[in-house]
Amino acid sequence: MSLTLEQSNIVAYSKGPARVVAVAGSGKTTTFVEMVAERLIAGMDPKRILVVMFNKSAQVDFEQRLSQRLANQTPPEVRTFHSLALRMYKRLAKIGACEPRNWNPMPSWVSDRMALKEILARVHPDQLRDIQNEPSEALEAFWQLQEHYKSDFDSIDIAFDKAELSDKWRCLIDAHQGYEEARNQAKLISFSDMLHDSVGIIDSDQQLIDHFANHMDLILVDEYQDINAVQQRLVEIIAGSRAQVIAVGDPDQTIYEFRGSNPEFMLRHFDRAFPNSQQLPLTTTFRYGYPLALAANQLIAHNKNRYAHFSLPASKEAVTTIDPIPCVNDQAAAITHIEQLLSRSRTVEEPETIAVLCRLWSNAAPIELALMQRGIDFSLHGGNSVLARRELQVITGLLEVNQLTSVATVRNDAKFWRQLMTTPHLKIKQPIIDGLANQLASSPGEFSLQVRALANSLSGWEKKQLHSFAAQVADLEAHHDNAKSLINRFFIARGYLEALQESATSKQRGDESVAILRAFTDYLGQHRYHPNAAIQAIQVLQQQRASGNTNSQISLTTIHRAKGLEWDHVIVTNFDDEHFPYQHGNSLTIAAQESERRLAYVAITRAKLSCSLLVPKGAGDKLPSRFQAELGLMQANRWRDVISGNCKRLTLSPPQRAAWQAFAEHQQLKLPEIELAKEPQQTTLSGTKKANPAVIHSHYGYGEIIHEDRVYMTIRFRNERERTFSKKAASELIERLA
């Protein structure tokens, strides 16, 4: 087997703990199969080797490759973190350190039922009926809290803060305590409990730590950049003082922070746990070439919390293009580009694979609808169709209220009417809302008259609120325009979208729900569907999607779901300053911005032949992503000129210069004269000669200070918007460039 020099050095390494920094497409599985094989050939006991993979598919792949390499030799143990922890949990029960459990992870419907019982027992009375009618949002918030709690050993209060849930869900802290008591009493476990429970029990008793430690000579851990605190501690316990631990990963690809991962585990925590560890590079990528490699390196070099390593193509002549596609409508641009790629793909022997990568699932909704409308076969990777989203039920229900002759599937459901009356809440007694919802759901029509009749039997505020709702329903019933107009009129009259966003578990969840509703109403508007035709179109799309291909040449997914995968052609949608970086809360810290930059880096490095970025065109509402400038596409596309000597000067920022120096060393050439790029402080954004102090804000991007005193500063940003900040409050968000 032919290995690169870097791979050979890693296979031969045996001096102690090591962090292998492996870029995307670097052949790390091949490398570590060979390392294990060499150790076994040298006489190491396979029972003293442990390989820990991050998921089941990676485990199976490693086992298959290892069995092919070893022929008739006994292979070592290859485990996922969960299967390893479960085995240790069972051992704890066997030696009497804990009670036996039902070792089969409980089904989601069981855990949901247990959680919902505890939530309903503790929720505020104003939320009680809403959650009873539609528990999905409360359960989503609960499991979000659980994921943060189970990934670390922090208190539930700290986990709540990390989960960034709104205060209305603070009751989930008590619900969590009740859920854990009920779960332990029933002797049940989930997948996350396998790790959190077992490691917690072992870590509380030195004798138990000694029992599990020092049985291994070699421990290989894959995807180390994605581990959390509990998984890190598990590795430490098993290793003890005996095992050589090899951690494999790339901190530049840490994108699962919402699961508790953090680049710090590989950058710093590993060396604290395993002192004097060596850093071994695996920087040669077999996936992509230039200029994409240069652009990716220029982008990620802007992160400060990283190793100074860069990806270098295995072939110096390998070409992977990366280009911006200016567009007004991402959906239309994506479809046009897909059709162009499909046309090209028909001329080659093997159909070329295509991926459309989105920052959020809501970005995928309009593209999914357009693909179905065009009859283009595709598969959704790791997500639900927009046609299965509960947001669509509201649209269908509104159309059914308008079209009484249609077969009703939603309007005869009391949940639909309760949602309309509680988003935003009418602020009337819940029994009145429940009774009216049940009445309307069983009625064949004349909904507004029934609401009005009930309103007349009331008085004061309740009467006023129901009369207002009756008028909104009457307008819905009487509307004779197109479907989009009908839906938008009702949403505006009710303040529905604003209320939906405010009541969501998180800003991202609210943004997604609103974006999906807008995407679907825009789709109906593009086709100018009458309400009845819109209902029929939805039914046709649902039938079409139900029989769709799950193994298509085209994949539609999010960047988080794309991790570890590759395609010939990658299209990254919504590459604008609203989504890259995406602002999760009221502010975006420097650390959060680095996390978003890593996500963009992962997106573009999925491509083998081409990567296309859908960027804003012209002067619209959207601004270009600040990452677009950091990619340095114009400079990256000059790589051939630099090799041929036709480029005499490059203008680069300091991070970009570091990427080019790695390129020059790889190509064994001398770079042309480099002129450091003049940062915005050298000139004002308005073009005047006098330079104002320049800054970069973690969310708004580059700007210049146009007024400053002891307490406040006013900044004009590149979109000509002026904003005033408290200097003390914004100190973590604003970096001076002068």
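The protein has 31 helices and 22 strands, where helices (H or I, at least four residues) and strands (E, at least two) are DSSP runs numbered from the N terminus. This is a predicted model, in which local features need pLDDT of at least 70 and side-chain atom pairs count only at pLDDT 80 or more, while totals for chains, interfaces and linings use all residues. Residues are numbered from 1 along each chain as its sequence is written, and side-chain values use heavy atoms, with hydrogens and water left out.

**Overall dimensions**
- Along the principal axes, the C-alpha atoms of the protein fill a box of roughly 85 × 75 × 65 Å.
- Of the 738 residues, 54% are buried, meaning under 20% relative accessible area with a 1.4 Å probe, protein chains only.

**The six-stranded sheet**
- An open sheet of 6 strands runs in the order β3-β2-β4-β5-β1-β6 with parallel pairing, two strands being paired if DSSP finds at least two bridges between them.
- Because β3 (77–80) and β6 (278–282) stand at the edges with a single partner strand each, one side of each is left without a neighbour in the sheet.
- Strand β2 (residues 49–53) pairs with β3 in the parallel sense over 4 bridges, and Val51 stands opposite Val78 in β3.

Note on methods. Buried means under 20% relative accessible area, exposed over 50%, partly exposed in between (1.4 Å probe, protein chains only).
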